[in-house]
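Please keep the sequence and the 3D view open while reading.

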Amino acid sequence: MLYQRSSQLFAEAEKVIPGGVNSPVRAFKSVGGTPIFVKKAKGAYLYDEDGNRLIDYINSWGPMILGHAYEPVVNAVIEKAKLGTSFGMPTEIETKIAELAVSMVPNIDKIRFVNSGTEACMSAIRLARGFTSREKIIKFKGCYHGHSDSFLISAGSGAVTFGSPNSPGVTQGTAKDTLLAIYNDLANVRAILEANKEEVAAIIVEPVAGNMGCVPPKKGFLEGLRALCDEFGALLIFDEVMTGFRLARGGAQELFKVNADLVTFGKVIGGGLPVGAFAGRAEIMNYLAPVGPVYQAGTLSGNPLAMAAGLTMLQEIEKDLELFSRLEEKTAYLEKGLRRVLEANHVDHTINRVGSMISVFFDKREVVDFDTAGYGHNDTFNKFFHGLLAEGVYIAPSSYETWFITDALTYEDLDYTINAVNKIFA
Ligand code: PMP
């Protein structure tokens, strides 16, 4: 495949946009080469500026659970846009999507919409701090909760891919209030809580980590966090930006049957438009302005186009009773096929998967936390990435990312992908 026009466009972009991209994970810096410029997408496929068709395993990093340019969502946005694109005033559709989200997700009474996952997580910890009158938070190494200052401490995703998990620009003052724990290690979390008694406002966690590759919670880990939060008076925040409306209708709380105090959303909840949200029990959410003292706001929050896309997406998910079992079956099929060809070609690997989140680490050791996730950051991954690209299959350009499976993928697409992997290592 040729990527001539993408290369040209990238060279032009580099002159006026830092690194040529508006979010670092889009760059090919760690795998080499130049990023692919997309012209359009439909269903499971991307069509780039050189006329190549690629099977998409990123799906806008999660939102396109039903496929690209999904017609009901596109039509809802078009119809809404005709009525005006932003008012900065209340609209009925905000209540409609809020009601639907509250009915789908366990254990939440109220939800507030923002414009990104970053804003959702940033606001959730401010609320947790205000509610508990405590300042520190615990986050896990390798988890990513957006790029707000408190979270760029041992962060995953692009922050680790590009070597800045602790970004310059974050003040010492802010950094000292973020305590770092090891994912899947309850004893470590307890020790941190013991050493910071009555100081920890919240533990924030990706209930299935997706920003150090896919790392599932060990049995009892999330339950253990719930118990520790209760014991030490901290709030438990599930960052469901990736898992929300993807692992189950009610997200990780439903799948693992563990209640969080606050949950954050992004990606699927916006149907591909810029939306985030955070939600919880009324008692906590009513701490927010204008009813409560914790300030949080947004000119474009609850934007009508974004709400139209999000509402339509959630309605589609709600009425399709087979969606999550289809996603499970398709991703399990992919997992099985990948294992088969990697084993046949004697390639050391570990595959982690929960529902439609999956990643391949090229090392045979178990991957359970940030340190072990580093095993996958190697030359075999780069060979894999470029080999797939040459075959017209697009995965994230870093081993510290997860593949997001869309329902638009057919079994032919999955077979094609499995065969492409076989070709790379044969
Ligand atoms: N939390 C998690 C778990 C994420 O994966 C991401 C983004 N990938 C964010 C927060 C931040 O969301 P956004 O990029 O929309 O700001």
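The notes below take the sheet, one of its strands, the ligand shell and an annotated lysine in turn.

The model is predicted. The shell around the ligand holds 17 residues, and K267 carries a modified-residue annotation from UniProt, in an unreviewed entry.

- Strands β7 (residues 200–205) and β8 (residues 235–239) run parallel and are joined by four bridges. Within this part of the sheet, I203 stands opposite L236 in β8.

**Strand β5**
- Strand β5 is mostly covered, with four of its five residues buried.
- Towards β7, the pairing of β5 is parallel and spans three bridges. Here I137 stands opposite A202 in β7.
- Towards β6, β5 also runs parallel, and four bridges join the two strands. On this side the bridge partner of I137 is T178 in β6.
- In general, strands of a sheet pair through backbone hydrogen bonds, either parallel or antiparallel.

**Ligand shell**
- The residues that come nearest to the ligand are S116, G117, T118, G146 and V241.
- Helix α4 (residues 117–132) gives the most to the shell, with three residues.
- By class, the shell divides into five nonpolar, 10 polar and two charged residues.

**K267**
- UniProt places the feature "modified residue: N6-(pyridoxal phosphate)lysine" at K267; the entry is unreviewed.
- K267 sits in the loop between β9 (262–265) and β10 (276–280).
- Is K267 buried or exposed? K267 counts as buried because it has 26 C-beta neighbours inside 10 Å, and the cut-off for a buried residue is 20 or more.
- Leaving aside residues up to four places away in sequence, K267 touches W61, G62, P63, G117, V241 and M242.

Note on methods: Residues are numbered from 1 along each chain as its sequence is written. This is a predicted model: local features need pLDDT of at least 70, side-chain atom pairs count only at pLDDT 80 or more; totals for chains, interfaces and linings use all residues. A residue is near a molecule or strand if its C-beta atom, placed from the backbone, lies within 6 Å of it. Ala, Val, Leu, Ile, Met, Phe, Trp, Tyr, Cys and Pro count as nonpolar, Asp, Glu, Lys and Arg as charged, and the others, Gly among them, as polar. Two strands pair if DSSP finds at least two bridges between them. UniProt positions are given in the numbering used here, feature names are shortened, and annotations may be inferred rather than shown by experiment. A residue is buried if 20 or more other C-beta atoms lie within 10 Å of its own, exposed if 12 or fewer, and partly exposed in between; C-beta atoms are placed from the backbone. Two residues are in contact if their C-beta atoms, placed from the backbone, lie within 7 Å.
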